[in-house]
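Colleague: Hi! Could you walk me through this structure in plain words?

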Amino acid sequence: MKRLNVAEMPEACPSCGFVPVGTIYYGEIEISDRFQEEVLSGRTIIGGPCGGTNLPKWACKNCGCEFMHDEDDEACIM
Ligand SMILES: [Zn+2]
């Protein structure tokens, strides 16, 4: 799976151009109708049961590309 470092949430997927880029939610999520709609549209991505550090913050539903928030001083790999 492709992973990119980004300074902020991309408006469209830099890899395939898909809109919208989804925000990944970790942890126990209550699946409401609204949440389900957002998952279907790609605006929300379910990330898994546990959060942590070094996890992607956003992802593209279309191509599976994941985006790390580049908020550290580490080199930006684009
Ligand atoms: Zn994509």
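Modeller: Happy to; we can go from the overall picture to single residues.

Modeller: This is a predicted model, where local features need pLDDT of at least 70, side-chain atom pairs count only at pLDDT 80 or more, and totals for chains, interfaces and linings use all residues. Residues are numbered from 1 along each chain as its sequence is written.

Colleague: What is pLDDT, and what does the chain average?

Modeller: pLDDT is the predictor's confidence in each residue, from 0 to 100. The chain averages 88, and 91% of the residues score at least 70. Over residues 73-78, however, the pLDDT is below 50, and this stretch has five contacts in the model beyond near neighbours in sequence. Two residues are in contact if their C-beta atoms, placed from the backbone, lie within 7 Å. Where pLDDT is low, the predicted coordinates should not be read in detail.

Colleague: Got it. What does the secondary structure come to?

Modeller: Along the sequence the pattern is β-β-α-β-β-β. The radius of gyration is 13 Å, close to the 12 Å that the globule rule gives for 78 residues, so the chain is as compact as a globular protein of that length. That radius is taken over C-alpha atoms, and the rule is 2.2 Å times the number of residues to the power 0.38. Helices (H or I, at least four residues) and strands (E, at least two) are DSSP runs, numbered from the N terminus.

Colleague: In what order do the strands sit in the sheet?

Modeller: The order is β1-β5-β4-β2-β3, in an open sheet of five strands with mixed pairing. β1 (3-6) and β3 stand at the edges with a single partner strand each, so one side of each is left without a neighbour in the sheet. Strands count as paired if DSSP finds at least two bridges between them.

Colleague: Which way do the pairs run, parallel or antiparallel?

Modeller: There are both kinds. β1 and strand β5 (residues 66-69) run parallel, joined by four bridges, and there Asn-5 has Met-68 as its bridge partner. β4 and β5 run antiparallel with two bridges. Strand β2 (residues 22-26) is also antiparallel to β4, again with two bridges. β2 and β3 are parallel, with four bridges, and Tyr-26 stands opposite Gly-48 in β3. From β2 the chain crosses through α1 to β3, and this β-α-β crossover is right-handed. Right-handed means that, with the strands pointing away from the viewer, the path from the first strand over the helix to the second runs clockwise.

Colleague: How many residues of helix α1 are buried?

Modeller: Zero of its nine residues (33-41), so the helix is hardly covered. A residue is buried if 20 or more other C-beta atoms lie within 10 Å of its own, exposed if 12 or fewer, and partly exposed in between, with C-beta atoms placed from the backbone. Across the 78 residues of the chain, 13% count as buried.

Colleague: Which residues make up the largest nonpolar core, then?

Modeller: Eight of them: Cys-13, Val-21, Ile-45, Trp-58, Ala-59, Cys-60, Cys-65 and Phe-67. Such a core is a set of buried Ala, Val, Leu, Ile, Met, Phe, Trp, Tyr and Cys residues joined through C-beta atoms within 7 Å.

Colleague: Pick one for me. What is Ala-59 in contact with?

Modeller: Leaving aside neighbours within four places in sequence, Ala-59 is in contact with Gly-22, Ile-24, Ile-45, Cys-65, Glu-66 and Phe-67. Two of these names come back in the sheet: Gly-22 stands opposite Ala-59, and Ala-59 stands opposite Glu-66 in β5.

Colleague: Switching topic: where is Phe-18?

Modeller: In the loop between β1 and β2. Phe-18 counts as partly exposed because it has 16 C-beta neighbours inside 10 Å. The C-alpha atoms of Phe-18 and Asn-62 are separated by 6.5 Å, although the two are 44 residues apart along the chain.

Colleague: Which peptide bond is cis?

Modeller: The one from Val-19 to Pro-20, with omega near 0°. Pro-20 has its place in the loop between β1 and β2. Most residues other than glycine have a negative phi, and most peptide bonds are trans.

Colleague: And which glycine follows α1?

Modeller: Gly-42, with a positive phi near 95°. Gly-64 also takes a positive phi, near 85°, in the hairpin of β4 and β5, which has six residues between the strands.
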